Structure formats: C-alpha cells, structure tokens
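Here is a short briefing to read alongside the structure. Have a look at the model below, and then let's walk through it together.

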Amino acid sequence: MPATEYQPSNLFGRYSSRRNQVVSMDGNHEQELEDLELFQRHVSDRFNDLLSPPEDGSSGDPLLSISWLRKLVDVFLCCEAEFKAVLIMGRDPSHIAKPPLDRLIPELLERAVKALDICNAVSSGVDSVRQCQKFAEIAVAAFKQKPLGDGQVKRARKALSSLMAAMTFDDKENNHFKSAERTWSFGRRGNSNSNNKERAVGNFRCLSMIVAKNWSASKQIQAMCSNLVAPRGAEPTGLASPVFVMSSVMVFVMWALVAAIPCQERSGLATHFQIPRQLPWAQSMIGLQEKIGEEWKKKEKKGSAGLLEEMQRMEKLSQSLIEFADGFQFSVEAEKEEMNAQVEEMAEICRRMEEGLVPLQMQIREVFHRIVRSRAEVLELLDHSGKISQPIT
C-alpha cells in the first residue's frame with residue numbers, strides 16, 4: 001500500500017501560491033468562503049470513502065482492519081495538511097488572534113497535546129498486537145508439522161493459550177503498563193546509538209512511551225471533546241468552522257485508533273464523542289462512529305483487547321483450534337481438515353499483520369511529528385500577532 005492513499009487537494013497549492021501575500025479578508029471574502037467550503041467537502045468525501053464499499057464491486061478493506069486503519073490515518077494527514085493551508089498560508093497573523101479564534105485556537109492546541117499522548121499509547125498497543133502475532137505464528141508452525149503428533153499439538157495449544165490471555169486482559173491491570181512512569185509527549189528523544197537493524201524493524205521508543213498506571217485512554221478522549229462545540233452564526237474571521245471540523249477529525253481518528261488497538265483503560269469509550277447531525281460534512285463520520293460504537297458496546301463487556309478486525313478473527317480461530325487440540329487424540333479426518341483450513345486462515349492473518357503493523361506504526365509516528373510541527377507553526381503565528389504574551393503549554 002502506498003504511504004499516502006489520499007493526496008492533498010489543489011487547495012494546498014492555491015494557498016501556497018499566496019504564501020508571501022497578505023490576504024485581505026474583505027477583498028477576498030468570496031474566495032475565502034469557497035476555500036472553506038472546499039475543505040469541508042474534501043473532509044466529507046474522504047470519510048465517505050472509508051464508509052462506503054468500492055464502486056468496482058470488490059470487497060474493500062474491512063472496517064477497523066489494519067489496511068482500513070492505514071487509510072484512516074492517511075485521511076487525517078491529508079485533512080491536516082489542507083486545514084493548515086486554510087489557517088496559516090498567506091494569512092495576516094492578526095486574523096487568528098480575533099474572537100472567537102483567540103479561544104478556539106488554544107483549545108485546538110490543547111487537543112493536539114492530548115492527541116500526542118494517544119499516539120504514544122496506540123503505538124505501544126501496536127507492539128502488543130505484534131506480540132500476539134508471534135504467539136499465533138508459533139501455533140501455526142506447530143500445527144503445520146508433518147506428521148502432526150501430541151508434542152506439536154501441545155506446543156500449539158500453549159501458544160494459543162498465551163495468545164488468548166494476551167487478548168483478554170483487564171485494561172486497568174494490563175501488565176504492559178504496570179510499574180510504568182509517565183513520559184510526556186514533548187522531550188526525550190530515542191537513543192541516538194540505536195543500530196540500523198533496530199531502526200529497520202521500527203524502533204519507536206521516542207514515540208511508543210509507556211504511560212502511567214493511572215493514565216486512561218477513555219478520559220483522554222473525553223478531555224479532547226471538552227469545549228468541542230459547533231460554531232453558531234457568522235464569525236468575523238470565517239475560520240471558526242474549519243477549526244471545529246479539524247478538531248472533530250482529530251478526535252474521531254484518535255477515538256477510532258483507541259477502539260481498535262489495545263490501549264490502557266477504555267471503559268465507556270462509545271459514549272464520549274458526539275458529532276452534530278445537522279452538519280453535512282459530518283454524515284459519513286457519524287455513520288462510521290455508529291458502526292464502531294455498536295461493535296465496541298458488544299466487545300467492551302468481554303474485556304477485549306480491541307476491535308482490530310485481524311485480532312477479532314484471530315480470537316475466534318484460537319478458540320476453535322484450542323478445542324481441536326483438547327480433543328486431538330479422538331479427532332476424525334473431517335475435524336483435521338477443518339483444522340488445516342483454520343490454520344491456513346491464521347497464517348494469512350499473521351501475514352497481513354507482518355505486512356501492515358510496522359507501516360501503521362510508522363504512519364502513527366508521522367501523525368505524531370506532523371502534529372508537533374503544526375502546533376509549533378501555529379504558536380509562532382500567534383506570537384507574531386502580538387496578542388499572546390506567553391506560549392501555550
């Protein structure tokens with residue numbers, strides 16, 4: 001899969017051509033409205049592509065599969081690039097220091113900081129998924145031994161038992177987070193002495209930080225939703241609407257990643273994020289939210305590791321293969337044929353994980369650094385406006 005499925009529109013180029021010009025809000029009001037409408041239309045189209053099946057009749061990427069999550073992250077990156085074009089490029093800094101942006105922009109920057117912490121937690125969660133993949137690969141290798149004997153079946157069962165234990169942890173007692181010390185999103189870089197082999201397999205220690213035992217992904221999402229209210233009426237600068245759109249995109253993407261990937265303490269996740277239904281650009285996002293929310297309500301009661309499609313399928317296959325292993329001595333040929341088919345399916349899931357998890361982790365890293373860079377650029381713009389005396393922390 002290419003690094004970016006969704007390319008920024010010509011809106012980015014339009015603003016780039018005006019980078020060194022001071023935009024007059026009065027003289028370019030119609031152009032401003034057109035750009036804002038175009039941004040919202042692109043947000044709607046991209047999320048509609050995530051919600052709707054392909055027109056060519058192919059099955060597409062299942063909801064919350066690794067490939068689907070990679071497309072979701074690409075959507076965020078492209079929306080963020082266009083939003084920054086609308087907000088920053090070629091704009092007089094004084095425009096974003098006027099009400100209500102003098103309140104909305106700092107709130108957006110605070111959401112960005114919380115999103116960085118979620119990126120940390122999700123990246124660590126991907127490492128947990130990769131550990132489950134290793135258990136599954138051990139089981140697959142054991143079941144594929146010919147002839148298949150008691151020793152191979154016992155080894156496979158042990159690996160599957162470890163896999164099931166890893167997938168049914170209690171969020172609040174997850175060993176992955178025990179005795180952890182909080183490392184904040186800013187500061188502390190990765191070890192500069194890491195060798196090339198570590199970097200090649202995805203050594204994201206500067207991103208995948210362990211978080212404190214009392215950190216809650218659910219509360220972090222809830223905090224990101226604080227003060228997230230759709231603007232009412234005409235705004236003097238015309239930018240309140242895209243700020244709300246980008247805030248909604250950021251919260252939704254972080255919420256979906258937390259729902260899919262193992263993260264610490266996610267109770268009540270389905271109730272924390274609501275998007276106003278009257279907004280045309282939000283309809284496909286709402287449709288996705290409803291689908292994911294219903295799945296979360298089903299799985300939350302079972303203490304699941306998350307809604308990642310590959311993990312859910314792996315859980316069902318593991319349960320069936322454990323049953324086969326328990327009755328191996330008495331199994332008939334038909335049961336062995338079914339077992340072989342399930343082992344092949346498990347192997348295919350492992351292959352998809354092997355191909356997709358590290359690239360997904362790299363994309364999450366890109367989101368992390370993109371947010372950091374954009375936040376710094378907005379702070380610099382605010383500083384130039386002369387309206388803010390101290391940096392927002």
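The lining of the second largest cavity has 8 nonpolar residues, no polar ones and no charged ones. Keep in mind that this is a predicted model. A search of the whole structure turns up 2 cavities of 30 Å³ or more, as well as 20 salt bridges.

**The second largest cavity**

- About 30 Å³ of space lies in this second largest cavity.
- Its lining is made up of Val73, Phe76, Cys119, Val253, Met254, Leu257, Ile364 and Val367.
- Helices H3, H8 and H11 are the elements that give two or more residues to the lining of the second largest cavity.
- H8 provides the largest share of that lining, with 3 residues.

**The largest cavity**

- The largest cavity holds about 160 Å³ of space.
- It is lined by 15 residues, and those closest to its centre are Glu80, Phe83, Leu108, Ser374 and Arg375.
- Two or more lining residues come from each of helix H3 (66–87), helix H4 (101–143), H8 and H11.
- H3 gives the largest share of the lining of the largest cavity, namely 5 residues.
- Sorted by class, the lining of the largest cavity has 11 nonpolar, 1 polar and 3 charged residues.

- Glu309 and Arg352 form a salt bridge, with 3.8 Å between the closest N and O atoms.
- Glu309 belongs to helix H10 (residues 309–326) and Arg352 to helix H11 (residues 333–385), so this pair ties together parts that are 43 residues apart in sequence.
- Both partners are partly exposed: Glu309 has a relative accessibility of 24%, and Arg352 has a relative accessible area of 29%.
- Arg352 also meets Glu310 in a salt bridge, at 3.6 Å from N to O.
- Because Arg352 lies in helix H11 and Glu310 in helix H10, that pair ties together parts that are 42 residues apart in sequence.
- Is Glu310 buried or exposed? At 2% relative accessibility, Glu310 counts as buried.
- Salt bridges with shared partners join Glu309, Glu310, Glu348, Arg351, Arg352 and Glu355 into one network.

**The Arg277–Glu290 salt bridge**

- Arg277 pairs with Glu290 in a salt bridge whose closest N and O atoms are 2.2 Å apart.
- Which parts does this pair tie together? Arg277 sits in the loop between helix H8 (240–260) and helix H9 (283–300), while Glu290 sits in helix H9, so the pair ties together parts that are 13 residues apart in sequence.
- Arg277 is exposed, at a relative accessible area of 54%, whereas Glu290 is partly exposed, at 37%.

- Ser44 is found in helix H2 (residues 29–51).
- With a relative accessibility of 19%, Ser44 counts as buried, because the cut-off for buried is under 20%.
- Which residues does Ser44 contact, leaving aside its neighbours within four places in sequence? Ser44 is in contact with Pro280, Trp281 and Ser284.

Conventions: Residues are numbered from 1 along each chain as its sequence is written. This is a predicted model: local features need pLDDT of at least 70, side-chain atom pairs count only at pLDDT 80 or more; totals for chains, interfaces and linings use all residues. Side-chain values use heavy atoms; hydrogens and water are left out. A salt bridge is a side-chain nitrogen of Lys or Arg within 4 Å of a carboxyl oxygen of Asp or Glu. Helices (H or I, at least four residues) and strands (E, at least two) are DSSP runs, numbered from the N terminus. Buried means under 20% relative accessible area, exposed over 50%, partly exposed in between (1.4 Å probe, protein chains only). Contact means heavy atoms within 4.5 Å. On a 1 Å grid over the protein atoms alone, a cavity is a set of points where a 1.4 Å probe fits but cannot get out, and a pocket is an open set with protein on both sides within 12 Å along at least five of seven lines; lining residues have an atom within 4 Å of a point. Grid points are joined across faces, edges and corners, and a volume is the space filled by probe spheres set on the points. Ala, Val, Leu, Ile, Met, Phe, Trp, Tyr, Cys and Pro count as nonpolar, Asp, Glu, Lys and Arg as charged, and the others, Gly among them, as polar.
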